[in-house]
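User: I would like to learn how to read salt bridges, cavities and a helix in a model. Can you walk me through them?

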Amino acid sequence: MFFYVFFRRPPPTLVSPSNAVTFTPQVANDLRTEEFTGEEDIYYSWSLVSPNSSEPYPAITPPHKLTTWRSNNFKEFSVSLPPRARDGQSYRLVLTTRQHGRSHILNLASREIGEKPFPIVSMPILVSSRAHWGNLEKQQHIERVYRIPLHSEKDGFLTIREQTSFDLDKKVWDSGVGLSSWLVELASAPLKAEESSKITQARGALFSSEPRRIIELGAGTGILSLTLGALRCARTTQKEGCVLTTDLGSALPLLQHNIATNASLFTGPSSHPRPLELDWDEAPPEEVRSAGGFDAIVMADVTYNTASFPALVRTLDALIRLSPPGRSPTIIMGYKERDPEERTLWDMAKTVGVTFERVGERTGAGREPVEIWIGTCIGDGSK
């Protein structure tokens, strides 16, 4: 289980040079349905918005302690702008639970990811002498930054935007982060003699140097497909293949934004995620049907609504049937239990010939871990 720093009351989009920036922080789970019950120091720093930085949102001020978070401590804070802030400049407010220079960056390569609440970065706050109380509109989005080791000499930085609203498809969920972290380890770890055949199969389906066709279901903000695309781009020069990232139409604008923001991580069409609308209650769109089948299906946190299981299983069956005999896709799923009834999906999947095996986890702050499951089609050999 992971916890996140949020803005319960976001900062404004603009502020007068002589005024402080006001906001209310919160520490809670991914859906903000459960607050962090422990104590956690929160630090703030400022980052000047600049297009010339090689790293996302470098701090121009050292982290200062803001408060010690305690459950239900919804206190409003006002912090001063950085020294020498000038009219026309824009700054981002960064809240972290660690006091060091890169504390705003989450390391997906770490097995310990999520032991402390995730940091948050505001959208740009414009310093304007024209700002007054009547036009201080609150921000509608936040961002978080994730580190992906692309190879021994280079890191990639993935910037994911989320909405401050409670729309479920417009925020990062635990399983998306947990499975992304597990994929980073899978891509970089050497093959082990005692490795599960399912893990070996997943590595081949996702990171082979051969062309691969991959589809994600229920992509949300796109963190999983973006991580996967960046990892594949660093490991293959194939021009064939695809990474299709799908969700309902309501999720596509934010998904498209996150793909465009991180476009520099992808050098070719085979690794560049392509957003598509895919409604599980309808037949897959033509671009999915014409792909010629898939090597892998990836999905995270698709189990929160048990009423959608019949449609999800029908969609899995339709995608599996697109592949020729003996070439059924490997299914990689990130799952965190919210209700024991969700585990009925495993039995329902068997009705279309899919069996799942648990192969890993990310524990985060404890309690319910993000479980990693690999599904294979009964009677089908590995690739």
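This is a predicted model: local features need pLDDT of at least 70, side-chain atom pairs count only at pLDDT 80 or more; totals for chains, interfaces and linings use all residues.

User: How many salt bridges does the count come to?

Analyst: The count comes to 30 salt bridges. The rule asks for a side-chain nitrogen of Lys or Arg within 4 Å of a carboxyl oxygen of Asp or Glu. Take Glu76 and Arg9: their closest N and O atoms are 2.9 Å apart.

User: Which parts does the pair of Glu76 and Arg9 tie together?

Analyst: Place each residue in its element. Arg9 is in strand β1 (residues 4-9), while Glu76 is in the loop between β5 (64-69) and β6 (77-79), so the bridge ties together parts 67 residues apart in sequence. Then check accessibility. Glu76 is partly exposed at 44%, and Arg9 is partly exposed at 33%.

User: Where do Glu40 and Lys116 lie in the chain?

Analyst: Glu40 belongs to strand β4 (residues 40-48), and Lys116 to the loop between β8 (105-107) and β9 (120-122). The two residues are 76 apart, so here too the label is a link between distant parts of the chain. Their side chains meet in a salt bridge at 2.4 Å, N to O.

User: Is Glu40 buried or exposed?

Analyst: Glu40 counts as buried, with 10% relative accessibility. The cut-off for buried is under 20%. Lys116, at 25%, counts as partly exposed.

User: Which residues do salt bridges with shared partners join into one network?

Analyst: The network holds Glu337, Arg343, Arg358, Glu361 and Glu371.

User: Now cavities. How many does a search of the whole structure find?

Analyst: The search finds 2 cavities of 30 Å³ or more. The largest cavity has about 90 Å³ of space. Its lining has 14 residues, and Ser45, Ala59, Val94, Ser103 and His104 lie nearest the centre. The largest share, 5 residues, is from β4.

User: How many nonpolar, polar and charged residues are in the lining of the largest cavity?

Analyst: By class, that lining has 7 nonpolar, 7 polar and no charged residues.

User: Which residues line the second largest cavity?

Analyst: The lining residues are Phe6, Phe7, Arg32, Ile142, Arg144, Glu162, Gln163, Thr164 and Lys171. They divide into 3 nonpolar, 2 polar and 4 charged.

User: Last, the helix. What span does α1 reach?

Analyst: Compare the end-to-end distance with the expected value. Helix α1 (residues 174-188) has 15 residues and reaches 22 Å from first C-alpha to last, close to the 21 Å expected at 1.5 Å a residue. Then ask about its surroundings. Of its 15 residues, 13 are buried, so α1 is largely enclosed by the rest of the structure.

How values were computed. Residues are numbered from 1 along each chain as its sequence is written. Side-chain values use heavy atoms; hydrogens and water are left out. Helices (H or I, at least four residues) and strands (E, at least two) are DSSP runs, numbered from the N terminus. Buried means under 20% relative accessible area, exposed over 50%, partly exposed in between (1.4 Å probe, protein chains only). On a 1 Å grid over the protein atoms alone, a cavity is a set of points where a 1.4 Å probe fits but cannot get out, and a pocket is an open set with protein on both sides within 12 Å along at least five of seven lines; lining residues have an atom within 4 Å of a point. Grid points are joined across faces, edges and corners, and a volume is the space filled by probe spheres set on the points. Ala, Val, Leu, Ile, Met, Phe, Trp, Tyr, Cys and Pro count as nonpolar, Asp, Glu, Lys and Arg as charged, and the others, Gly among them, as polar. The expected span of a helix is 1.5 Å times one less than its number of residues.
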